[in-house]
Amino acid sequence: MEYFLQQTLSGLANGAIYACVALAVVMIYQAIDHFNFAQGEMAMFSTFIAWQMMQWGMPFWLVFPVCVVISFAGGVVIERVIFGPIHNAPVLSHVIVFIALFSIFNSLAGFIWEFTIKPFPSPFPEKDVLGTNLIAMHELGMIGITLVMLVMIYLFFRFTPIGLAMRAAAANPVSARLVGISVKWMLSLGWGLAAAIGAVAGMLIAPMVYLEPNMMLGILLYGFAGAVVGGLTSPGGAVAGGFLVGVAENLAGAYVIGSELKLTFALVLIVGVLLLRPAGLFGRVVVNRV
Amino acid sequence: MAFLEVKGLEAFYGHTQALHGLDFELEEGGITTILGANGAGKTTTLRSICGMVRNNGSITFDGNSLIGKATENIVRLGIAHVPEGRGTFVRITTEENLRLGAYTIKGAKNIADAMDRVYNYSPRLKERRNQQAGTLSGGEQQMLAVGRALMLRPRLMLLDEPSFGLAPLIVKELFEILRSINNDEKVSMLLVEQNATLALNLADHAYLLETGRVVMSGTSEDISSDEAVRQSYLGY
């Protein structure tokens, strides 16, 4: 029983990270109808920037928000400079640019900081929660920070005028321009937000998987699985999907398939959902009248 | 110089030229209608004014040139476009739709006043303020589209086939509201309609379009009493 609880809770902790990645992927997907394959590498790069700042002596509590802001700005710049100009290009062009971005960030990180793994400090103390060994403080922190961030994002989209404008720009760009919304800038804002979310995810998972340029590869896959399971049209669904995948992956690895096949499990999940229920658990089925 | 002046307007969809040198104008405070059969270029004309299609020529609004400006900046000059098919944001509420209409308006009081004015014109919209906009009836969505346009306090309102798909009684009600808006809010209107009788009833001036060119223009009385127009467009 205790083992089950441990696996579930650590599954939730991992799931929190997958939920962040899933949310970032779905946000961009809703805005431009394309998967940001480079999401993980952007997050990894942000985490390296945070590491570098700490090497220069900045304390973690300062590094965290500064890194988030830098990543936000980076996301805006990437959209303005790279994806804005190819907005109306065909799918393949987008895919190629995403893959290029993936390679560039990966290689650049390796070039600047080398491919050797580095430890990344956790802001949370090393002890167990409440004296039990059900969950570590850092894992609890992962869940907690993620939840706080998700609530803030929800409130932003639901209750602020800019949040409403961003939703409108994604839902109906033509009508959005007709009420004076600059859809171009809403897109950039969306990218900035996605990049910022990615940075948070990276900084939270790095203590556990160790910092190196390839650290986000597996996590991106799980994040995709979470987004697909939850439904690509539903940010809330993506978050739920991320947590679900985290728990499912851990429990499957613990009881059924062993830890070597955990990543395979994610791939099987993606293919399975796309075959059986492509809209995901919470997504909308889009019906087009011809 | 007229309030809205269009000279030599050409518009293109890719390589296809839809407008071949359009000339027309609108005086401030007036209602002008653009008539014509399917494919004549009526919707394209409205889209050109709003910068939504590639175009050449000259469009001047209150002294400002509109050619080359982005849609969102044209809107900020005071032009509201009620698009073909209403363009409702279907997944959010009626009131959120109206709030989006006021995106360019500063001041909570101004926005609240604008919303009250819209609800005055259509109490039914007020009843359905928290309802998801996509579940409104066609007539209500059309009224919502007009309301959303009104929220930005426009000087000119472009309307693209507002009567489309609506029952005659609803259309009558809608056009009466349009007349009130023109009178009370001093909003000039450029109306594109396939229903020529309705349009000529509301408008002061009319332009007749055929394959991207103006073929006739005049006051509504002149146009409706023209023999050729009556036979081709008014059905008697």
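A residue counts as buried if 20 or more other C-beta atoms lie within 10 Å of its own, as exposed if 12 or fewer do, and as partly exposed in between, with C-beta atoms placed from the backbone.

First, the ground rules. This is a predicted model: local features need pLDDT of at least 70, side-chain atom pairs count only at pLDDT 80 or more, and totals for chains, interfaces and linings use all residues. Residues are numbered from 1 along each chain as its sequence is written, while chains are lettered from A and ligands numbered from 1 in the order in which they are written.

Helices (H or I, at least four residues) and strands (E, at least two) are DSSP runs, numbered from the N terminus. Two strands pair if DSSP finds at least two bridges between them.

Now the sheet in chain B. Six strands make an open sheet, in the order β6-β7-β8-β3-β9-β10, with mixed pairing. β6 (79–82) and β10 of chain B are the edge strands, each with a single partner, so one side of each has no neighbour in the sheet. On average, neighbouring strands are turned by 15° against each other, direction ignored.

So much for the layout; next, β9. How many of the six residues of β9(B) are buried? Five of them, in a strand spanning residues 205–210, so β9(B) is largely enclosed by the rest of the structure.

Look at its partners. β3(B), residues 31–36, runs parallel to β9(B), joined by five bridges. L35(B) has L208(B) as its bridge partner there. R213(B) in β10(B) stands opposite E210(B). Two residues separate the strands of this hairpin, and T211(B) takes a positive phi near 40°.

Back to β3(B). It also pairs with β8(B), residues 188–192, in the parallel sense, over four bridges. T32(B) has L190(B) as its bridge partner in β8(B).

Next, the interface. Contact means C-beta atoms, placed from the backbone, within 7 Å. By that count, 19 residues of chain B touch 14 residues of chain A. On the chain B side, α2 (71–76) and α3 (94–101) are the elements giving two or more residues.

Last, chain A. Helix α10(A), residues 235–257, bends by about 25° at L251(A). That bend is the angle between axes fitted to the seven residues ending there and the seven starting there. G258(A) follows the helix, with a positive phi near 80°.

Conventions: Two residues are in contact if their C-beta atoms, placed from the backbone, lie within 7 Å. Axes are lines fitted to C-alpha atoms, for helices over the stretch in contact, and angles run from 0 to 180 degrees between N-to-C directions.
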